[in-house]
Amino acid sequence: MDRLQKEEFIADMQARFKASSLVVVTHYSGLTVAEVTGLRNQVREAGADFKVTKNRLTRLALKGTEFENITDLLTGPTGLAISADPVAAAKSAVEFAKSNDKLQVLGGCLNGEFLDVKQVKALASLPSLDELRGKIVGVLQAPAQKIAVVSGAPASQLARVFSAYGNSAA
């Protein structure tokens with residue numbers, strides 16, 4: 001990498017950090033190219049991004065960002081899972097690490113707050129933003145359905161009374 005490429009890499013990483021709310025730091029020692037490609041695809045499907053980085057350049061890119069407190073984790077073969085969704089990167093990295101021992105989650109940072117491995121795993125167990133939205137819509141629809149049933153009940157009861165009255169009169 002020449003100087004211009006390094007500057008472009010740092011600028012690109014700074015832009016990614018500014019657009020995201022979560023960064024998960026991993027070690028990927030021993031993963032094959034096919035496994036890393038599978039990891040990238042899995043992370044991308046979750047709405048995040050996985051980037052294999054050069055530690056020294058990443059430290060430079062982290063300066064002045066809210067994720068600066070993860071610089072101590074940047075040793076060895078480092079990969080970063082980055083997402084704007086506060087759950088997507090953690091969920092996809094932890095799921096892949098469960099099925100492949102060669103990927104280790106080291107920690108992360110959520111909106112400027114350092115997360116250790118346990119906290120990243122706890123974050124990964126939370127439902128994603130889309131799942132939460134679906135649950136909220138379900139909760140909001142349930143009362144509306146109940147109101148429709150309750151408001152229709154008096155009319156049906158009245159119809160039954162008239163029907164019963166008509167049958168008894170005959």
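Visitor: Is lysine 102 buried, partly exposed or exposed?
Guide: In this predicted model, lysine 102 is partly exposed, at a relative accessible area of 36%.

Visitor: Which side chain does lysine 102 meet in a salt bridge?
Guide: That of glutamate 35, with 3.9 Å from N to O. Glutamate 35 is partly exposed, at 24% relative accessibility.

Visitor: Where do glutamate 35 and lysine 102 lie?
Guide: Glutamate 35 is in helix H2 and lysine 102 in the loop between H4 and strand S4 (104-110), so the pair ties together parts 67 residues apart in sequence.

Visitor: How many salt bridges are there?
Guide: The count is 4. One of them joins arginine 16 to aspartate 12, with the closest N and O atoms 3.0 Å apart. Both residues lie in helix H1, 4 residues apart, about one turn of the helix.

Visitor: Which residues form a network through shared partners?
Guide: Asp12, Arg16 and Asp49.

Visitor: Switching to the cores. How many residues does the largest nonpolar core have?
Guide: It has 24 residues, and those with the most contacts inside it include Leu22, Ala90 and Val120. Strand S1 (22-27) and helices H2 (33-45), H4 (88-99) and H5 (117-124) each give two or more residues to this core. H4 provides the largest share, 7 residues.

Visitor: What does alanine 90 touch, leaving aside its neighbours within four places in sequence?
Guide: Alanine 90 is in contact with Leu22, Val24, Val120, Leu123 and Ala124.

Visitor: And which residues belong to the second core?
Guide: That separate core has 16 residues, among them Phe9, Val23, Val25 and Ala61.

Key:
Residues numbered from 1 in each chain as written. Predicted model: local features only at pLDDT ≥ 70, side-chain atom pairs only at ≥ 80, totals over all residues. Heavy atoms only, no water. Core = buried A, V, L, I, M, F, W, Y, C linked by side-chain atoms within 4.5 Å. Buried < 20%, exposed > 50% of the residue type's maximum accessible area, 1.4 Å probe, protein only. Contact = heavy atoms within 4.5 Å.
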